Amino acid sequence: MAHEEKRPWEFSLSLPWELIEEILSRVPPESLLRFKTVSKQWNALFRDKTFINNHKMTFRFILATKSKIYSVSIDPKIVVRELTLDIPGLESHEIPKKLVDCDKLLLCDMEKGVVLWNPWLRHSTWIDQGSNHTRMESYGIGYNNKGSYKIFAFCDRKENHTQRFLTVHDSASDAWKDREPIDNSQGKQIVHNIYTKISGVSLNGNLYLVTYFETTDLVYHLIEINSSSESVVKFCDLPCGTSNFLKDAFVLRVFEGDRFSLLKQCHATKKIEIWVSKYKINNNLDRDVEWIKFMEVSSPNLPDLVDGFDSQPSYFIEDKRLVVCSCNETGRAWIYVFGENKLISKTQIDSVVDLWPSHWTFIPSLVPVPRAQREEPAELQV
């Protein structure tokens, strides 16, 4: 009598849970998606940040040169691997002009459109920029209360290259909608501030941008783009939010899933400060955000984290460590690890041949990329 073949997870019923975790940490991420329905325990494991961070294929930075894209794993050692966008019909040599970190997904600005990408799952979706748009620059993704996502970008109209405007792509309609970000008496200043965006994050469905305006000094604050109403308003001031140098670092990240963190480095002194919001960011509460200092590093020979092309550093915070990626004065990419208010280690990434690579932080996740409803353009079909 033939025995019924067992499914892979049925063998796990008699194994210790620690061994199951170890086995699953070696399974390719795209395969883990299929196992989410095995049990509530497995599904909870795949949502556990510790499990994702300890997965053997996890990486935390992405580098892009003129010809290639790379992932950079940090623990237990630095490993660099080449990535592909996996878009059917897209020229294999086409490299994004810009990447935007958007809460576990990435936006890639291409020559004729935008790619929504989860490089950990190797999922991606092509979104055409539309026949009326040129010079599109994505700023981020938001999610509205109906469950659809929106891409916010600035671009030119083909008939008027002197006027930049905000355009929004809604996944529900799979179409771009043009609008001007003037929603209150501060509208003109807000428009200018968005153009001077330094960094940004997606949190609670909304988009938050670090911007500045010039008075005697440079004054930095956060702008919020609400995904449901598409309104653009000043959200809050930033700690130590004035500067005399455009080369100062001001980089915003999401901290512990529901708060902000801000990296600031003074170009003159090289001192590094990490600030975090004291409380969870709640869209329905008062916007007077309280900031507390999480870390300060001030010692001789600290690296300049803003490179020669004024590119801001990429970073993440984990287990009381600050891990930063930036280029030095020669254009080589380095990984710096800070902890206990000092520089612990620095490592040059020799695998990336080209100088001055662009770099971004990446949060690995099992979030699948939503599929566009509209068919891809003919030149992108296989």
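Two residues are in contact when heavy atoms of theirs lie within 4.5 Å of each other. With that definition in place, I can begin with the chain as a whole. Of the contacts in the protein chain with a separation of 6 or more, 51% are between residues 24 or more positions apart.

A word on the basis of this talk. The model is predicted, and local features need pLDDT of at least 70, side-chain atom pairs count only at pLDDT 80 or more, and totals for chains, interfaces and linings use all residues. Residues are numbered from 1 along each chain as its sequence is written, and side-chain values use heavy atoms, with hydrogens and water left out.

The protein chain has five helices and 24 strands. Both are DSSP runs numbered from the N terminus, helices being H or I with at least four residues and strands being E with at least two. Of the 382 residues in the protein chain, 52% are buried. Buried stands for under 20% relative accessible area, exposed for over 50%, and partly exposed for values in between, with a 1.4 Å probe and protein chains only.

Let me turn to one sheet. Strands of a sheet pair through backbone hydrogen bonds, either parallel or antiparallel. Here, four strands form an open sheet in the order β16-β17-β18-β19, with antiparallel pairing. Because β16 (249-255) and β19 (291-297) each have a single partner strand, they stand at the edges, and one side of each is left without a neighbour in the sheet. From one strand to the next, the twist averages 20°, taken between axes that are lines fitted to C-alpha atoms, for helices over the stretch in contact, with angles from 0 to 180 degrees between N-to-C directions. β16 and β17 (residues 259-265) run antiparallel and are joined by seven bridges; two strands pair if DSSP finds at least two bridges between them. Phe-250, for instance, has Lys-264 in β17 as its bridge partner.

β16 also takes part in a cavity lining. β4 (98-102), β12 (199-203) and β16 each supply at least two residues of the lining of the largest cavity. A cavity is a set of points on a 1 Å grid over the protein atoms alone where a 1.4 Å probe fits but cannot get out, and lining residues have an atom within 4 Å of a point. Among the lining residues are Asp-101, Cys-102, Val-201, Ser-202, Arg-253 and Val-254. The volume of the largest cavity is about 60 Å³, where volume means the space filled by probe spheres set on the points, and points are joined across faces, edges and corners.

Next, Thr-65, which sits in the loop between β1 (61-64) and β2 (69-73). Is Thr-65 buried or exposed? Thr-65 counts as buried because its relative accessibility is 9%. Leaving aside residues up to four places away in sequence, Thr-65 touches Tyr-70, Ile-95, Val-352, Asp-354 and Pro-357. With Asp-354, the side chain of Thr-65 makes a polar contact of 3.2 Å. A polar contact is a pair of N or O atoms within 3.5 Å; within protein, one must be able to donate a hydrogen and the other to accept it, and residues adjacent in sequence count only if both atoms are side-chain atoms.

Finally, some backbone details. Asp-75 and Pro-76 are joined by a cis peptide bond, with omega about -5°. Glu-230, although not a glycine, has a positive phi of about 60°, and Glu-230 is buried at 3% relative accessible area. Glu-340, also a residue other than glycine, has a positive phi near 50°, whereas its relative accessible area of 70% makes Glu-340 exposed.

Note on methods: On a 1 Å grid over the protein atoms alone, a cavity is a set of points where a 1.4 Å probe fits but cannot get out, and a pocket is an open set with protein on both sides within 12 Å along at least five of seven lines; lining residues have an atom within 4 Å of a point.
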